[in-house]
Amino acid sequence: TAIPLNNCPLVSETINVQFADPVMVDVGADGLICEGENFDILGAVTNAQNYFWTTSGDGMFVNGNTTEPTYIPGPLDINSGLVIITLNADQTNSCQNIASDSLLLTITKEAIADAGPSSDTICGGDVYPLNGVAINYITLEWTTTGDGVFGNPGSLMTFYDPGVNDISNGFVTLTLVAIGGIPC
C-alpha cells in the first residue's frame, strides 16, 4: 500500500489502451490464362475499412468494389503477356495502417496457323509445295485426310506427295495444326 506524503491522499486514474489489429490483404496465387480468357481473383481483406484494386496494365475489373473481382485483360496486357494485379487496403484510424498484396498474371497468346490458300490444283503425280505460317506455337504438324506423305510434317515449309487414293479421289485436305503453350 502507498503511504500518503504530507498527509495528502494518493489519487490515481487508469487508462485502457487498445491496439488496432493490423490490416491484412491476400490476393491469392499467381495466375495463368490463355489470351481471350478472363481471370477470377479470390482476394481477402481483414481489418480494413477501405480497399481498391490496381493493375500495371490496361485491363479492367468487373465487380472491382469486391474482394473477388474478375479481371479482363486489355490489349497491352495481352501483348506483353504479363500484368501485376494489386489489392491495396487501409485502416482509417490513427495508425494509418496500409497493406497491399500483388499477384502476377501470365497471359499466353493463342497459337495461330495458316496453311495457305483454301484450294489449289496440281497435276496427278506432282508433289505439292507447302509454305505454312504459324505464330505463338510450341509444336506444329501437317495432317492429311488422304494417303499421301509429307516431306517433314513438323515443318512449316515442306511438301506433300499425294498417294494413290488421293489421286483417284481427285482431292485431299491438308491441315496445319499449331499447338500453343499452356494453357491454350
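User: Why is asparagine 88 called buried in this model?
Analyst: Asparagine 88 has a relative accessible area of 15%. Buried means under 20%, so asparagine 88 gets that label. Keep in mind that this is a predicted model.

User: And where does asparagine 88 sit, and what does it touch?
Analyst: You'll find asparagine 88 in strand S8, which covers residues 82–90. Leaving out residues up to four places away in sequence, asparagine 88 touches Asn50, Tyr51, Phe52, Thr54, Ala99 and Ser100. A touch here is a contact, with heavy atoms within 4.5 Å.

User: What makes glycine 43 buried or exposed?
Analyst: Its relative accessibility is what decides. Glycine 43 comes in at 6%, and the cut-off for buried is under 20%, so glycine 43 counts as buried. Glycine 43 lies in the loop between S3 and strand S4 (44–46). Residues up to four places away in sequence aside, glycine 43 touches Asp26, Val27, Trp53, Thr67 and Glu68.

User: How do you know that cysteine 34 and cysteine 184 are joined by a disulfide?
Analyst: Check the sulfur atoms: S to S is 1.9 Å for cysteine 34 and cysteine 184. A pair of cysteine sulfur atoms within 2.5 Å is called a disulfide, so this pair qualifies. The structure holds one disulfide.

User: Which parts of the chain does that pair link?
Analyst: Distant ones! Cysteine 34 is in strand S2, cysteine 184 is in the segment after strand S16 (174–179), and the two are 150 residues apart. The link between cysteine 34 and cysteine 184 is right-handed, with 120° about the S-S bond.

User: Why do cysteine 34 and cysteine 184 get their accessibility labels?
Analyst: Cysteine 34 has a relative accessible area of 4%. That is under 20%, so cysteine 34 is buried. Cysteine 184 has 34% relative accessibility. Partly exposed is the range between the buried cut-off of 20% and the exposed cut-off of 50%, so cysteine 184 counts as partly exposed.

User: What about cysteine 123: buried or exposed, and why?
Analyst: Cysteine 123 has a relative accessible area of 53%. Exposed means over 50%, so cysteine 123 is exposed.

User: Why is glutamate 37 called partly exposed?
Analyst: Glutamate 37 has a relative accessible area of 38%. With buried under 20% and exposed over 50%, that value falls in between, so glutamate 37 is partly exposed. Glutamate 37 is in the loop between strand S2 (31–34) and strand S3 (39–40). Glutamate 37 and isoleucine 72 are 35 residues apart in sequence, and their C-alpha atoms are 7.6 Å apart in space.

Terms used: Residues numbered from 1 in each chain as written. Predicted model: local features only at pLDDT ≥ 70, side-chain atom pairs only at ≥ 80, totals over all residues. Heavy atoms only, no water. Helix = DSSP H or I, 4+ residues; strand = E, 2+ residues; numbered from the N terminus. Buried < 20%, exposed > 50% of the residue type's maximum accessible area, 1.4 Å probe, protein only.
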